[in-house]
Amino acid sequence: MVEMEKTAKFSVLNRTEQIEKLQTKKFDLAIIGGGVTGAGIALDAASRGLSVCLVEKNDFASGTSNKSTKLIHGGLRYLKQFEIGLVRESGSERAIVHKLAPHLVIPEKMLLPLVEGGTYGKMMTSIGLKVYDFLADVKGDDRRRMLDKTETLEKESLLNKDVVLGGGLYAEYRTDDARLTVEILKKAVSYGATIINYCEMESFNYNDDSKIKSLNCKDGNTGNTFKIKARNYVSAAGPWVDKLRTKDHSMNNKYLHLTKGVHIVFPYEKLPVKQPLYFDVPDGRMIFAIPRGRATYVGTTDTNYSGNLERVVAIKDDAKYILNAINSTFPDVHLELDDIESNWAGLRPLIHEEDKDPSELSRKDELFFSESGLISIAGGKLTGYRRMADRVIEAVLKTMKNKHKKNLKKSSTEKISLVTPSLKNSHEVNLYQKELEKKLLELGVSDNYHAWYFCTTYGKQSDTIINKSKDFENNDALERLIRAELWYGIHHEMTNNVTDFFVRRTGRLYFDIPSVKKYTKIITEDCANYLDWNTERIASEKEALETLIQDATTYYDKEFD
């Protein structure tokens, strides 16, 4: 109960109290950036006993950490690039993160069709997947299985029968990257971390020795500015890492190489694949097609990016590239631009390497050390967030005086369940989803989709939401539930506005955009009541959401500058 009471403080309604603490306390560690990397660092540090704060200039997971392929995966393609260490680490990490949040990191069998002239031949696929299983320590039924042509087409009848030779079936894990980030942050708060979104770190202040002594920050809600003091400073700003290094005057010959990845989403009936696939596309790359609830999403592209960091969008060439890949692989679906329901476009903050194409760049993470004391981390993958955090904290500890670290614990994040109350394994998840079906049926919701949605979004926290929904007076059970979700997001997940809710707390903008359009009015009204918005704020919220809906449903001629 104590942990849940602490977690309840992760509320936008406590914002004044949180900012007061940021202004008055000197922390052991200040973290800039609220994506999954920053979240992981905050949890690792706080659970060891360090006093920690984290500031994020937009919403949590609003950059790269909401724009991935949403897989906690072992990185089969990195085996092809001989990045053995990355595959080994990813494989072990995905099994750990699955145990920490089994409702959110869900095992899936991935089908790799073998086709004439494809990236992988039968022999190389068989050997490669076996090595992959060994490096990733895959056991039991999750181990790879090779399929002949008939078995492959039984698994996925939409594949082109004329070119399929067989297939390989191997283990991957599906997740919701933004939800994972939020749960890690909530857990860090339960260990005492002070964490706030919409708070931009504008500049550094230095002492006489040119060491950082404080951060100048600006509250995005009020426009007020204040200073944060800490003994150590870490930048986990993703695509903005070099912006901060420039402010710190610590840029060197190591710098970011940004690449863009686009995913497009279809109603499931438009692309009814039976299970996740990893398949060849005409230019020699491979991409994913993944069924998810009421939708199927496909991606990703991998192109160099030098446009606007604040507004990354899909362009027509991105959509055409993926549509061409789909129609080549699944010849009977005949999908067109108008069939796409939504999209997302994100950036990978990779480390630049000379003369390498975007797809060839390493996904390894790297630390940059400034003489000012700023430690920056860039590169890396969603799957490796926990190990990246460990490396950062170990680097921080090396700079700390013994008196500040004598009572600290060793890292224990491999054992800290991310959600309270927790589900222990996939079996418990399945049983709980069946419980949710019964509870929702009592409310008048008869489809199984919403039980799946609540289970894989909130886990057992769904009980709180369902109970709260009974407080709202309305004959529409789904409206009562979504209003209860908003209540939960504001009181327990630092939901600051309408777009936080529809994009990163629920994923509805990408996977259920009809519900966004249907419930925008009531959600905006509830937000205004909870957060005491004036008419000007309501108008700006409406405009912000309309822009995001436009970007998720439009394919522009070029990037924004």
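Modeller: Here is a walk through the salt bridges, after a word on the model. This is a predicted model, in which local features need pLDDT of at least 70 and side-chain atom pairs count only at pLDDT 80 or more, while totals for chains, interfaces and linings use all residues. Residues are numbered from 1 along each chain as its sequence is written, and side-chain values use heavy atoms, with hydrogens and water left out.

First, confidence. Residues 1–8 fall below 50. Beyond near neighbours in sequence, that stretch has 13 contacts in the model (heavy atoms within 4.5 Å).

Now the pairs. The structure holds 38 salt bridges (a side-chain nitrogen of Lys or Arg within 4 Å of a carboxyl oxygen of Asp or Glu). One of them joins Arg-231 to Asp-28, at 2.8 Å from N to O. Arg-231 sits in the loop between strands E10 (225–230) and E11 (233–235), and Asp-28 in the loop between strands E1 (26–27) and E2 (29–32), so the pair ties together parts 203 residues apart in sequence. Helices (H or I, at least four residues) and strands (E, at least two) are DSSP runs, numbered from the N terminus. Arg-231 is partly exposed, at 36% relative accessibility. Asp-28 is buried, at 10%. Buried means under 20% relative accessible area, exposed over 50%, and partly exposed in between (1.4 Å probe, protein chains only).

Next comes Glu-559 with Lys-260. Their closest N and O atoms are 2.9 Å apart. Glu-559 lies in the segment after helix H20 (535–553) and Lys-260 in strand E12 (residues 256–267), so this pair links parts 299 residues apart in sequence. Glu-559 is partly exposed, with 22% relative accessibility. Lys-260 is buried, with a relative accessible area of 0%.

Helix H20 itself supplies a partner to another bridge. Arg-311 pairs with Asp-551, the closest N and O atoms being 2.9 Å apart. Asp-551 is in helix H20 and Arg-311 in the loop between strand E16 (303–304) and helix H10 (316–329), so parts 240 residues apart in sequence are tied together. Arg-311 counts as partly exposed at 24% relative accessibility. Asp-551 is buried at 10% relative accessible area.

Finally, a network. Salt bridges that share partners join Arg-294, Glu-341, Glu-485, Arg-508 and Asp-512.

Conventions: pLDDT is the predictor's confidence in each residue, from 0 to 100.
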